[in-house]
Amino acid sequence: MADIVDIAVSADGFKTLVAAVKAANLVEALKSPGPFTVFAPTDDAFAALPPGTIKTLVQNTPQLARILTFHVVSGKLMKADLEKVNSVISLEGSPIRINCGEEFEVKNATVIAADIEADNGVIHVIDRVILMG
């Protein structure tokens, strides 16, 4: 089985996320044993950000790293695990609201593919970039 980074690289729809992880120097961290739970925004999710946002973030590596680590939680949390909690704490340090009601939602994003297992954790694909606050 591949690690989280290798899965994102080989899958369609994560080119922006992979480029952002590289720009923020987080590749090695996300290739480490973890385990991690990653809420992975699609390319369409990044494209929905206001114009110029991605360029600005790539030029501000600390802010980019902060946003990316807000999408990662320590531990391997499958959907069944997340159904038992109202929130989780991101690696960035802020809470992320979880709602496993009618739809599986992470903060203001909907999970469009859950429980993609990796050697070092699990990926849940989301339709929006989530932000702190």
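1. Helices (H or I, at least four residues) and strands (E, at least two) are DSSP runs, numbered from the N terminus. This is a predicted model: local features need pLDDT of at least 70, side-chain atom pairs count only at pLDDT 80 or more, and totals for chains, interfaces and linings use all residues. Residues are numbered from 1 along each chain as its sequence is written, and side-chain values use heavy atoms, with hydrogens and water left out.

2. Start with K107. It sits in the loop between β5 (104-106) and β6 (109-118). K107 is buried (under 20% relative accessible area; exposed is over 50%, partly exposed in between; 1.4 Å probe, protein chains only).

3. What does the side chain of K107 reach? The backbone oxygen of L131, at 2.6 Å. Contacts (heavy atoms within 4.5 Å) beyond four places in sequence are F70, I96, R97, I130, L131, M132 and G133 for K107.

4. Now helix α6 (residues 61-69). Its buried residues are L64, A65, I67, L68 and T69. Their cover includes α2 (15-23), α5 (53-59) and β2 (72-74).

5. I67 belongs to helix α6. I67 counts as buried because its relative accessible area is 9%. Leaving aside neighbours within four places in sequence, I67 is in contact with L57, V129, I130, L131 and M132.

6. E92 comes up again here. I67 and E92 are 25 residues apart in sequence, and 7.6 Å apart in space, C-alpha to C-alpha.

How values were computed
Lys and Arg count as positive and Asp and Glu as negative; His and the chain ends are not counted. A salt bridge is a side-chain nitrogen of Lys or Arg within 4 Å of a carboxyl oxygen of Asp or Glu. A polar contact is a pair of N or O atoms within 3.5 Å; within protein, one must be able to donate a hydrogen and the other to accept it, and residues adjacent in sequence count only if both atoms are side-chain atoms.
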